[in-house]
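Hi,

Here is the structure I promised to pass on. Have a look at it first, then read my notes below.

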Amino acid sequence: MKNCFKKAYYITSFFFIIDLVLNYFDWQFSGYLTEKIIAWIWIVYTLIFLLIFWKSKYVKIYFSSIIVLIALSLIPMAIPFFAMIDFISQNGDFQEIKLNKKYRIERTQQQPLSMIRVYFYKNHFGILEKNICRPDYSEIVEEVMNLKNNENISSFDMKSIPIQNAKLVSENIDSIGIEYRIANKKKVVYHRLYNEDGY
């Protein structure tokens with residue numbers, strides 16, 4: 001029984017590590033909740049693993065390493081710690097819209113100090129997604145609501161302005177066109193792909 005659980009834990013850890021590596025390179029497993037589910041399964045399995053194998057010296061070292069890493073993540077203004085919390089939870093995620101079988105978008109704030117952005121994901125092979133662009137959401141709102149010359153966009157709370165509807169209009173090698181409906185106004189906005197926007 002213990003050996004079966006140990007194998008299951010190693011497999012779960014393998015998928016969790018793969019998910020982290022994919023995420024680092026702007027890839028992820030397909031689906032909005034997939035990476036969160038993998039992370040939570042790993043957390044639960046880790047707790048059970050620690051309880052079952054606690055007598056082992058190596059497990060105690062492993063546990064100590066996890067605690068040290070969590071403590072170290074709190075030192076730099078707790079930014080890495082809250083990034084981990086955002087990764088495993090829906091904290092910072094405001095909206096998810098499926099454009100079609102190939103594309104979906106998320107209106108999210110991926111890290112505590114980052115801007116609210118719209119992340120575009122393109123499905124590959126049915127099980128993987130690639131982040132192809134992540135424009136600043138305030139620029140989209142500014143464009144759709146035509147605020148450039150009228151009002152200061154910084155006075156708006158981007159968290160409370162949802163995308164009412166989004167429709168894929170066009171796609172090519174270097175850009176994607178989306179018709180947004182925000183605050184009952186519609187406009188097609190074109191986004192440059194793979195443009196190294198921040199997070």
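Seven salt bridges turn up in this structure, which is a predicted model, so local features need pLDDT of at least 70, side-chain atom pairs count only at pLDDT 80 or more, and totals for chains, interfaces and linings use all residues. Residues are numbered from 1 along each chain as its sequence is written, and side-chain values use heavy atoms, with hydrogens and water left out. A salt bridge here is a side-chain nitrogen of Lys or Arg within 4 Å of a carboxyl oxygen of Asp or Glu. The general idea is that side chains of opposite charge can pair when their charged atoms come close.

Let's start with R104. This residue forms a salt bridge with E106, and the closest N and O atoms are 2.7 Å apart. R104 also meets E129 in a salt bridge, at 2.9 Å from N to O. (Strands are DSSP runs of E, at least two residues, and helices are runs of H or I, at least four, numbered from the N terminus.)

Are these residues buried or exposed? R104 counts as buried because its relative accessibility is 2%, and E129 is buried too, with a relative accessible area of 4%. For these words, buried means under 20% relative accessible area, exposed over 50%, and partly exposed in between (1.4 Å probe, protein chains only). Salt bridges that share partners join E96, R104, E106 and E129 into one network. E106 is buried, as is R104.

Another salt bridge runs between K102 and E171, with the closest N and O atoms 3.8 Å apart. This pair also links distant parts of the chain: K102 is in the loop between β2 (93–98) and β3 (103–108), while E171 is in strand β6 (residues 165–171), 69 residues apart. K102 is partly exposed, at 37% relative accessibility, and E171 is partly exposed at 38%.

Now for helix α3, residues 57–74, which gives the most to a nonpolar patch, with four residues. The patch covers about 510 Å² of surface and is made by W54, F63, I67, I70, L74 and M84. Patches are made of residues with over 30% relative accessible area and no salt bridge; like charges are joined within 9 Å and nonpolar side chains (Val, Leu, Ile, Met, Phe, Trp, Tyr) within 5 Å. The areas come from the Shrake-Rupley method with a 1.4 Å probe, and for residues only the protein chains shown count as cover. I67, found in α3, is partly exposed at 42% relative accessibility.

How far should the 18 residues of α3 span? At 1.5 Å a residue, they should span 26 Å, and the end C-alpha atoms are 26 Å apart, which agrees. The expected span is 1.5 Å times one less than the number of residues. At the start of α3, a side-chain oxygen of S56 comes within 3.3 Å of the backbone nitrogen of Y58.

Most residues other than glycine have a negative phi. F125 has a positive phi, near 60 degrees, and N184 has a positive one near 65 degrees. F125 is in the loop between β4 (117–124) and β5 (128–133), and is exposed at 72% relative accessible area. N184 lies in the loop between β7 (175–182) and β8 (185–192), and counts as exposed at 56%.

Cheers

Key. A polar contact is a pair of N or O atoms within 3.5 Å; within protein, one must be able to donate a hydrogen and the other to accept it, and residues adjacent in sequence count only if both atoms are side-chain atoms.
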